[in-house]
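The points are grouped by topic and follow a few lead sentences.

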Amino acid sequence: MDLPSGLLRAAPTPWNLAVTHEPSLTVLATSPEHVREAVRYAAANDLRVRVQNTGHGALRPATTGDLLIVTSELTGVEIDPAAGTATVGAGATWKDVIAAAHPHGLVPLTGSSTHVGVVGNSLGGGLGFLSRQYGLACDAITAAQIVTADGNLRWLDDAGEPDLMWALRGGGPNLGAVTALRIKLVPEPRIYGGGLYWPVELTRQVLTAYREWTADLPASITSAAGTLHLPDAPFVPEPMRGRSYVRVCLCATGSGAEDLVAPMRAVPGLVVDMAGPLPFTEIDAVTRDPVDPLPYTMRGEMVTELSDAVLDYLVEVAPRGAEPYAFILVRHVAGLPHADDAGLGYWQGDFAVGAVSMVPDERAAADVAAFGDRFSAALAGSATGFVPLNFMGVPEQAARAFTPEHLRRLTEVKQRHDPAGMFGGDRAINRS
């Protein structure tokens with residue numbers, strides 16, 4: 001079989017600069033049919049397939065034996081206002097969908113950053129700041145255009161292939177190369193959101209108050225709390241540069257939000273208050289995640305509660321300068337709506353605790369890995385053993401994203417549709 005068209009001499013750098021791809025071949029796809037051509041070539045030449053849009057979620061490099069398909073050119077977004085859906089190409093970001101849907105009074109269930117790719121984020125679950133009210137991004141998938149290992153390109157829905165659609169909702173890149181998704185949108189809500197910041201020395205007081213506050217929060221509020229050290233950089237507001245904080249990030253919908261937020265705002269020592277009415281087009285202001293590429297890795301755990309032992313540890317490791325991590329964030333996920341099947345890691349605990357670490361060079365990698373191991377060990381007493389797939393930091397642990405029964409069914413579906421294990425990349429599940 002001839003080489004696929006669109007070959008690149010060098011693989012593009014992922015958003016995660018800690019990962020450098022060196023695949024056997026790289027294809028820049030300009031259409032779904034082009035993706036199909038690349039997958040057929042990979043199958044004929046016994047190559048694994050990796051797919052990259054933005055590369056935010058890259059955990060490890062594509063290597064010899066991999067064919068890397070870059071889908072960043074497939075950026076189309078079509079809104080059907082009557083149906084309340086968006087058809088989204090594999091190269092589109094949440095920001096693209098928000099821009100297209102906003103004029104129709106509709107919004108997607110975006111992730112916590114709108115700069116990540118819709119398809120990758122949704123296939124891995126997709127937790128955002130509307131999730132406790134409306135569910136995960138994967139719940140909103142109604143149809144998918146996919147190239148499976150047999151080289152066929154087709155649209156799927158629940159009526160035609162319910163098992164494969166079930167597996168795609170949270171199963172990650174394990175079933176094929178998804179070239180487009182059709183997703184449900186929701187009426188654009190009035191939101192109240194942003195961040196509250198205290199000096200890092202008040203970490204225990206703030207996290208203790210946060211634990212109490214989240215105990216009976218309505219589903220209209222999705223929030224997170226944690227610690228971070230802000231660099232002395234132009235994108236940071238000048239008074240906050242080079243300082244460490246404990247913060248609460250929140251997004252509330254509907255009326256009465258200010259009263260609901262009042263207990264956290266009343267915690268003594270608040271120094272920066274950025275929470276207030278917010279246009280949905282500016283939802284990135286809730287967490288103010290970095291926009292420019294960074295070399296990083298992460299470690300995540302699901303915990304049943306913010307126990308005293310967990311709080312003790314979070315106080316101990318709160319960044320106060322040049323620690324081998326950028327920030328730690330505790331996401332409140334209790335009460336996520338779901339259907340009868342709740343087998344994803346997102347539902348296996350009340351809080352997702354994650355640490356994002358910078359990896360500026362190879363020398364730092366060992367320190368970061370050791371910190372990640374200590375991080376997981378310290379949370380073990382309250383940990384459920386599960387981790388959401390999008391918060392996975394160790395590729396070999398991808399199975400931890402699913403309950404045993406969910407994983408069994410997922411591997412059965414994968415065995416039928418990808419018996420050679422062509423897909424999965426850095427979140428591959430064990431097919432045995």
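Contact here means heavy atoms within 4.5 Å. By that rule, and not counting residues up to four places away in sequence, Leu168 touches Leu123, Ala144, Ile146, Leu156, Leu175 and Val178. The model is predicted, so local features need pLDDT of at least 70 and side-chain atom pairs count only at pLDDT 80 or more, while totals for chains, interfaces and linings use all residues. Residues are numbered from 1 along each chain as its sequence is written, and side-chain values use heavy atoms, with hydrogens and water left out.

**Nonpolar cores**

- A nonpolar core is a set of buried Ala, Val, Leu, Ile, Met, Phe, Trp, Tyr and Cys residues joined through side-chain atoms within 4.5 Å.
- Buried means under 20% relative accessible area, exposed over 50%, and partly exposed in between, using a 1.4 Å probe and protein chains only.
- The largest nonpolar core has 97 residues, and Leu67, Leu168 and Ile183 have the most contacts inside it.

- Helices (H or I, at least four residues) and strands (E, at least two) are DSSP runs, numbered from the N terminus.
- Two strands pair if DSSP finds at least two bridges between them.
- An open sheet is formed by five strands in the order 4-5-9-7-8, with antiparallel pairing.
- Strand 4 (77-80) and strand 8 are at the edges with a single partner strand each, so one side of each has no neighbour in the sheet.
- From one strand to the next, the twist averages 15 degrees.
- Strand 7 (residues 141-147) has six buried residues out of seven.
- On one side, strand 7 pairs with strand 9 (residues 177-184) over six antiparallel bridges, and Ile141 has Ile183 as its bridge partner in strand 9.
- Strand 7 also pairs with strand 8 (residues 153-157), over five antiparallel bridges; here Ala143 has Asp157 as its bridge partner.
- The hairpin of strand 7 and strand 8 has five residues between the strands, and in it Gly151 takes a positive phi near 85 degrees.
- Strand 5 (residues 85-89) runs antiparallel to strand 9 and is joined to it by five bridges; Ile183 of strand 9 is the bridge partner of Ala86.

**Helices**

- Axes are lines fitted to C-alpha atoms, for helices over the stretch in contact, and angles run from 0 to 180 degrees between N-to-C directions.
- Helix 1 (residues 32-44) lies across strand 7, strand 8 and strand 9, at about 50 degrees to strand 7.
- Helix 6 (residues 203-213) packs against helix 7 (residues 257-265) at an angle of about 145 degrees, and their axes are 9 Å apart.
- Helix 6 contributes Val206, Ala209, Tyr210 and Trp213 to the contact, and helix 7 contributes Leu260, Val261, Pro263 and Met264.

**Strand 16 and strand 18**

- Seven of the eight residues of strand 16 (residues 296-303) are buried.
- Strand 16 pairs with strand 18 (residues 351-358) in the antiparallel sense over eight bridges, and Thr297 has Ser357 as its bridge partner in strand 18.

**Cysteines**

- A disulfide is a pair of cysteine sulfur atoms within 2.5 Å, and a search of the whole structure finds zero.
- For Cys138, the nearest cysteine sulfur is that of Cys251, 19 Å away.
- For Cys251, the nearest cysteine sulfur is that of Cys249, 11 Å away.
- Cys138 is buried at 1% relative accessibility, and Cys251 is buried at 0%.
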